[in-house]
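Please open the structure in your viewer and keep the selection panel at hand. The tour below goes from one selection to the next.

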Amino acid sequence: MKIGDMTIDAIVDGECVMPTEAVYLNRGPEDWKEYEQFLAPSAPGSNLFTLGGYLVTQGDRLILVDAGVGPKATFPFVGGALRSALINRGVATTDITDVIFTHLHNDHIGWASLDGRPYFENATYHCDRRDWDHFVRPDYPMPEWEAAFTDPAVDAAYVRLAPVADRMHFFEGDDSVLPGIESWEASGHTPGTTVLKLTDHGESVALIGDLSHTEPELIADDWDFMAHEDHKEGLQAIERIRKRLYDEKLMFAAAHYPGMHFGRLTMDNGKIGYEQVPD
Ligand SMILES: [Zn+2]
């Protein structure tokens with residue numbers, strides 16, 4: 001994707017495949033019948049979530065938005081390819097100037113550090129202060145689902161992020177992260193979940209992170225994702241930002257839609273929809 005002089009490319013680290021009935025508290029396989037086009041035929045009966053981040057080139061900056069699940073993830077999270085994906089694009093870890101986290105769940109911070117050292121050794125890291133305060137502490141009350149999917153000794157945010165604490169810059173809610181990159185308040189999935197709006201030469205796109213994990217969660221109402229910290233706020237954030245994405249006619253990419261493609265919202269007879277756009 002290119003806007004102005006800025007490029008935004010998906011960097012795939014891995015994937016997570018989960019049975020459809022396990023993803024939403026109040027939706028199951030029956031509800032997917034209307035939205036079958038959004039299921040990957042290569043993962044029958046399941047939701048395929050791609051994991052990774054987005055590489056943004058902006059002048060002299062080389063920015064990574066989210067850092068995948070990392071090389072030591074726990075089933076069903078399979079990661080580790082981000083390193084090869086960067087090499088494939090001719091990018092060295094030392095080239096990355098900034099790492100921005102949309103939130104601090106383990107499938108977004110996996111490559112923040114490796115063996116106790118910052119993995120992107122020249123980078124400044126950025127996140128919403130409320131997520132830092134919530135996750136980066138040894139007494140973080142890990143919910144059941146997260147404990148089941150992770151190895152806290154290596155995956156916990158306070159382990160992965162301690163090595164980058166002294167290079168972390170904080171933003172909060174609606175804020176400016178870097179020139180041309182603004183954050184939108186989207187808390188609910190986590191206390192500091194963020195949507196990023198990227199602008200260059202008058203053109204904009206959004207990276208919506210984990211605001212929504214599947215297309216129907218964004219375009220239909222009340223698909224209650226199992227891992228929201230605050231379910232009510234998570235659903236409210238979707239409604240609010242869906243309107244903003246539509247009103248501003250923004251192309252956007254989510255953190256986990258299969259293949260990490262860009263898309264846009266459509267309107268057909270008063271019904272909101274989603275269509276993928278060419279990268
Ligand atoms: Zn995620």
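**Before you start.** This is a predicted model, in which local features need pLDDT of at least 70 and side-chain atom pairs count only at pLDDT 80 or more, while totals for chains, interfaces and linings use all residues. Residues are numbered from 1 along each chain as its sequence is written.

**Select the whole protein chain.** Coloured by secondary structure, the protein chain shows eight helices and 17 strands; helices (H or I, at least four residues) and strands (E, at least two) are DSSP runs, numbered from the N terminus. The C-alpha trace spans about 50 × 45 × 35 Å along its principal axes. For 279 residues a compact globule would have a radius of gyration near 19 Å, and the 17 Å of the protein chain agrees with this; the radius is taken over C-alpha atoms, and the globule rule is 2.2 Å times the number of residues to the power 0.38. Of the 279 residues, 43% are buried, where buried means that 20 or more other C-beta atoms lie within 10 Å of the residue's own, exposed means 12 or fewer, partly exposed is in between, and C-beta atoms are placed from the backbone.

At the hairpin of E13 and E14, with two residues between the strands, histidine 201 takes a positive phi near 45 degrees.

**Select the core.** Leu196 and Leu207 are also among the residues with the most contacts inside the largest nonpolar core, which has 62 residues, and others in that group include Val99, Ala112 and Ile241. A second, separate core has seven residues, including Cys16, Leu51, Val69 and Phe149. A nonpolar core is a set of buried Ala, Val, Leu, Ile, Met, Phe, Trp, Tyr and Cys residues joined through C-beta atoms within 7 Å.

**Select helix H8 (residues 231-247).** Which residues of H8 are buried? They are Gly234, Ala237, Ile238, Ile241 and Leu245, and seen down the axis of H8 they fall within an arc of 105 degrees, so they line one face of the helix; the arc is that of the directions from the helix axis to the C-beta atoms. E12, E13 and E14 are among the elements that cover these buried residues, as are helix H7 (215-219), strand E15 (251-254) and strand E16 (263-268). Turn to the face away from the buried side to find the exposed residues Lys232, Glu239, Lys243 and Asp247. Just after H8, lysine 249 takes a positive phi of about 50 degrees.

**Select tyrosine 119.** The last stop, tyrosine 119, lies in the loop between strand E8 (117-118) and strand E9 (124-128), and is buried, with 23 other C-beta atoms within 10 Å. Leaving aside neighbours within four places in sequence, tyrosine 119 is in contact with Thr93, Trp111, Ala112, Ser113 and Leu114, contact meaning that the C-beta atoms of two residues, placed from the backbone, lie within 7 Å.

Key: Pairing = 2+ DSSP bridges.
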